[in-house]
Amino acid sequence: METQTDLPPKAAAGLIGVHGVTKRFPGVIAVNNVSLTFHPGEVHVLLGENGAGKSTLVGILSGIQEPDEGHLSLVGKKTRLASPLASLEAGISTVFQHSMLVPTLTVFENLILGAPWYDRPPRARVAARMEELKREFGLSLPLDAITGELSLGQQQQIEIARALLRDSKVLILDEATSMLTPQGAQELGERMQHLAKSGLAVIFITHKLSEAYRYGNRISVLKQGALAGEIDPDELRSMSEDRAIEVIVRMMFGRETDGTSTEHRQSSARDETLLEVQDLATQGDADVLGVEGVSLAIRAGEILGVAGIDGNGQKQLAEALAGQRPAMSGRVVLGGEDITQASVAQRRLRGLRYLTDDRLEEGSVGAFPVSENTVLKDIGQPPYWVNGIERPNRIAQHARDLIQKFSVKTPNETTPIGRLSGGNIQKVLLGRELSGEARVVVFNKPTYGLDLQNIDTSRQRIAEIAERGLGVVLISTDLDELMALSDRIAVMEGGRVRGIVQNDGSGEALRLRIGRMMAGEDEQELATA
Amino acid sequence: MNMKNDVNPGALDAADQSTDNDGVITERSAFQRILTVTVGPIIAAFVLSAIILMLVGVNPLTYYGYILERSLFSELGLEQTATRMAPLLFLCASLIIAFRAGIWNLGTDGQFLLGAVFAAATAPLLVGVLPGWAVLLVGFVLAAVVGAVWSIIPALLKAYQGVNEIVTTLMMSFLGVLLASTLVKLAFRDPSTTVPQTRTLPVDDRLPRLFDTSISSGLIWGLIAVLAVHLMMTRTAFGLRLRMVGANPAAATHAGLSVPLLTMATFALSAGFAGLSGATEILGVAGNVRANWNPAYGLMVIPLVFLARFHGVGSIVLVFFYSALLIGSESAARRLSVPQDFTLVLVACLLICLGLGEYIDQRKRKKER
Amino acid sequence: MGGLLTEAFLSSLLTGAIVAAIPVLLAGLGEQMSEKAGVLNIGIEGMMLMGAYMGFLVAFETNSLWMGFLGGILGGVLTAVVMAVLCVRLGLNQIVIGIGLTLGVEGLTALLHHFQFSRTYPRLPAPERLNIPWLTDLPIIGPSLFGRHMLVYLALLAVVVLAMLYRRTNLGMTLRAAGERPAALDVAGGNVLGIRVFVVLFTGAMAGLGGAYLANIGAGLFIPFMTGGAGFIGIVLAMLARGRPLWVLIGSLIFGAALSLTTALQVAGSNIPTDVIQMLPFAAVMLVLVLYGRRAKLPAALGAAYERGAR
C-alpha cells in the first residue's frame, strides 16, 4: 500500500498534539497519561478494546470533555478546547460512534446545522460544494431527503461531508465501520486514504485489527486507558498483514506482567451436559445485532469461554440464554428440560443465572440500598417475602451474609448501592446470582472495569464455581482471562460462532488462532489455510 | 426532592450514582446537608413570603400568628383543618404511587371530579334501596373505577407506545373536568333545583362524623389510604416491583418484570385513588356536585408530595400544615383582609427554594469528588 | 333558527371569536417555539396571568394601552426568567417548576391586586379601534374584522413573520435540532442552552402580551385567576399545530368561534353546555395521540434538561 509519497516533510510537532493527558470519571481512570501526535496526510488509527479510552480521547479532542491533567496543542501551540464550538473552530471535525445527526431534519439541514439562526440557508452554495465533493471524493447525497430515512452508511457520509464543508483540517472517525457492511467499510477505507492524501489528518478509531492494517498509515494501540504501543508508517508499510496483526495482538492482549493470575486452570469438567443451545437465533435491528445459528453445550464443572471483540453478539446471546431476549428459532435445554419459552424468573428458579456486564444501568438500582439489590431478582419469593409482605430482617440478614461472604466493602447493608465502587457492586451482583440453587451461570465481562485485586478475586470465584460442579459460560473480551479459565473457547464474530477451540493452554499459537477468528475468519478456513 | 435532570420522577433519587475507589464518599456532615436541602430552604421560603407580605403592608408576624391561632389553636379551626385533609390525603396516596413508580399522573383533577360526579349521581338514588354503609361503599367503588377508567388511554399509550404521559394525562384531565361539568348539567342533573347540580345526599347518609366533633370520618380513611399506600410501596413485593420500574426500567426487565403491565397497574391504582378522593369530598362533606365546581386540589397536591419526597408520613404532615394554612388564610381573608390565595405564593416559594437547595447541595457534592 | 342569523348576531359572533382567539393565539405561538426547542413550558399559564396583571396595572397607571402591552410583555418575561434560570440553566424539573410558577403567580397577582384595588375592580376606558374607511363600514364583517384594536393585526402579523422565519432562515431547523437531539446541535457548534433560554423568554413575552390583551381589550379589567386555563389551551394549540404558526392561528380562531358560538347560543336560549364545545380541542389532541401514538410529533427531548457529556 503506497501512501504519502508526495507530502512535504512534516513538522515534528504535527497538527494536533495530546500531551500527558489524563481523564478520570467516578471510579475509573478512562485515559491515563496518554501522549500522541497527529500528522496531516496520515490516517492515524487508534486501536483498542471497549473501555480502552478511545471514546474519551475522542471526547477530549472534540471539546465535549476537558482533560484533568495534561494539555492539547495545535500546530505546536498549547491550546484548550473547552466546547465543541472551540474544537470546530480549531478545524477539528468529528464523526461520532453514534450518529450525531437530527433524524427529523433533511440532509441539507443537517449539513448546515449550527449556522446562525438569522441567516438564510445557503442552499446554492452548499449544492455547489456538494458537486465538488461528489467529483473529488464520490460523496453523493440527496439534499432534500429526511435524514432518518437514509441508510446508516449514507448518514455517515453526511457527517463526513459536513466536516469537509467546514474545511476541517482534522477528521476524527469514531468506530466508523461498526455500522457498515464490509463493502461500505472498504469504501470508507479508500475514502479515508483519499482524504489524507488531500492533506487532512484523519484519526480513525476502531477495535478491528484488520481494518487498522488495511486503512491506516500509523497505528497507536490503547489498553486500559494507556498507550500500549505504536507502529509508525515506515514500520507498518514493511510488515505483512499477518505479521502486523501478530504484533498488534501482542500489544492488545499480550502476556500481562501485572500480576493477575493467568495460569491455566486444571479442568474440572464432568461428562454430564447441563445446558444445551441448538441453532439459536434472535431478532436484530438497526441498533442491535442479532445472533444466528448458535449451538453450544456446557457440561457440569466446565467453563466455556466466549471470546470476541465487543459488540459481536455476545450480549444478545447472554440475554437470550437468560430469557430477557426472545429466541426467534432454536432451542435452549437446561438439564434435559426445554426452557426456550421460559421466562426470566422460571429460568432463574431452575438454576440458570446471568450476571450482566452493565452493573449500573441494568444490574442494580443505584438509589436502592445494598440489601434490596441483593434480592431484586427474587421479589415476592420466600423467605424474603411472605404472602407478598417484605421480611426486612430476613433480607438484611441475607445481605449481611452476602456482604461478609463476598467481602463487599460497604458501611452497611442500608447504603445505596450506587455509592459503592464498581468492584463492590460486582461482588453484590455475583452474590445475588450465586444464591439459591444455581446450576449454570452466564458471566458477561465479569472483570470489566475492575481494579487488579478485584479482577483476581473474581477469577478465583469463577474457578471455584466450576469446581463445585456448576456450568459456566464466561463471556469476555480479555483473551488472557479466557485462556486462564476456560476449558473450551467459542469465538463470536458478527453474531455467529466462528469456531470453538479446546483450550490446552498452548499459548501463542492458540492466541493467534483465536485472534484471527475474532477478525472474522471461520475455523474451517483457518484449518485449511 | 432531587429535581435535577430528569423527567422521570421515580428516578429522582436515583440520579446520583457516584462511586469512588473501594469505599464510600466522604460525606459532609449530615447536619450541613439537612441545612442546605431542608431547613435552609424552608426558612428562606417563609422569609421570602414575609417580605412579600411586608411589601403589601401586612405585618408578617401578625399574619403567621393569626393563621396559627385560627387553624390550629381553636377547636373549630382544628376540626375544619382535619376535615379539609381528607380529599387531599387520598390525592397524596394517588400521587405517591404514581411518582414512586416513575409516572407523571398530572390528570388527578379530571379523575377526582369524575369520581365525585359519579358518586354524587349514584349515592342519593340508592338511599333507601341499600343499607347506609352499602350506599357509601357503592359510591366509593364506583368513583375508584371511574377514575381508573379515565386513565386507560394514557396508560395504554405510555405502556405500549411510549407516549409521554405528562401530555396525555393533562389533556384527559381537562376533558374530565369538562365532562364532569356536562354530566352535572345534563344527565345527572337534579330535576328539582333550578341551579344545575346533582341530587343531594342527605346529611344523615353521608360519612359519619367523628365522635362529637364536626370532623368527617373521611379523614380516617384518608390517613389509612396514605399509610396503606406508603406501606405497599415500601414493604411489599408489589410495591418494590413498581418502584423498580420507576427507578430503572432496564434493571426491571433484567430481573424479569413486565414493565408495560406494571405501568398499567400504576395508572389504574393512582387514578383510582384520585377517584376515591372525589368521592370522599362528596360523600363526606359536600353531598352533591354543583356545575363547574372544581377545587383543583390535584395540581396543588403535586408540590406537597414532591416536597415530602414521596414519603407517606411526610405527606400527611405537609397536608396537615397545608390544610391549616388554607383554613387559617380563609379566616385571615375575612379578618386581616389578606386574600387566601397567599398560600399559593408560600407554596411556590417553598418549591423554588427547595429546588435551589437541592441544586446547591449537588454542586457541593460534585466539587468534593 | 332563522331569527338567529341576524346581522347583529353574526357580527357579534365574529367579534367574539376574534377577541377570544387572540390571547390563545399569542400564547400558542410562544409555546410552539418553546416545544420545538424541547422545553415543555407548563408555566405559560402563570406567565399569561402575570402579563394580564402587569398589563392592566401599567395601562391603568399610565392611561396608555400601548404602555400596558409593554407592561404585559415585561410581566411575562419576568416570570419566564425564573423558569429559564431554574429549568434551563440549573436543569431543575420543568414540570414541577412550571406548576409551581403558575400557582405562585396566581397567588401573587391575587394578593397584589387585592391590596392595590381592594375590591373595586376598576375598568379601563374602551380601547380605541382601527377605523378604515370603506372596510369598516361593510356589513357584518366590517366592524368585526376591520374595526378591532391594532394589536389584533400585529398578532396576525406575528403569525406571518414567524412562519417566514421558520421557513426562510435557519431558525426553524435550529429549534428543531435543540428539541430532537440537543447533543447533535451542540457538537455542530450550536448553543443549546442559549436557544432554550431564548425560547422560554420568548414564550413569556408572547404569553404576557396575550394576557395583557385578555385583561385590557377582552375584559377591560383585571380579575384574579382570569386566564382560567387559556395558557393550557395555548399548549394544546401548539401541539396540534405541529410546528406551523398558521395552524395555531386556525386553531385559535376555531377555539374562539366555538367559545363565542356557545355564548351566543346560550343567549339565544339553547341548552347545550359550553363545556361540550370546549372539550373539542382536548379531544382532538387525544385523538391525534391515539392515532399516531409513537409517531406523534412531540420532540424527542421534550421536557428533558440538557447537560453536555451526560450519559
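## Two domains in chain A

The C-alpha centres of domain 1 of chain A and domain 2 of chain A are 26 Å apart. Domain 1 covers 273-351 + 437-528, and domain 2 covers 363-435; these bounds come from an automatic or database domain assignment. This is a predicted model, where local features need pLDDT of at least 70 and side-chain atom pairs count only at pLDDT 80 or more, while totals for chains, interfaces and linings use all residues. Residues are numbered from 1 along each chain as its sequence is written, and chains are lettered from A and ligands numbered from 1 in the order in which they are written.

Where do the two domains touch? In chain A, 9 residues of domain 1 are in contact with 7 residues of domain 2 (contact means C-beta atoms, placed from the backbone, within 7 Å). Helix H16 (residues 452-467) of chain A gives the largest share of the domain 1 side, 3 residues. By class, that side has 3 nonpolar, 3 polar and 3 charged residues (nonpolar: Ala, Val, Leu, Ile, Met, Phe, Trp, Tyr, Cys and Pro; charged: Asp, Glu, Lys and Arg; polar: the others, Gly among them).

## Chain A as a whole

Chain A contains 19 helices and 22 strands (DSSP runs numbered from the N terminus: helices are H or I, at least four residues, and strands are E, at least two). Of its 529 residues, 51% count as buried (20 or more other C-beta atoms, placed from the backbone, within 10 Å of the residue's own).

## Where chains B and C meet

This contact takes 43 residues from chain B and 45 residues from chain C. On the chain B side, H7(B) gives the most, with 12 residues.

Methods:
A residue is buried if 20 or more other C-beta atoms lie within 10 Å of its own, exposed if 12 or fewer, and partly exposed in between; C-beta atoms are placed from the backbone.
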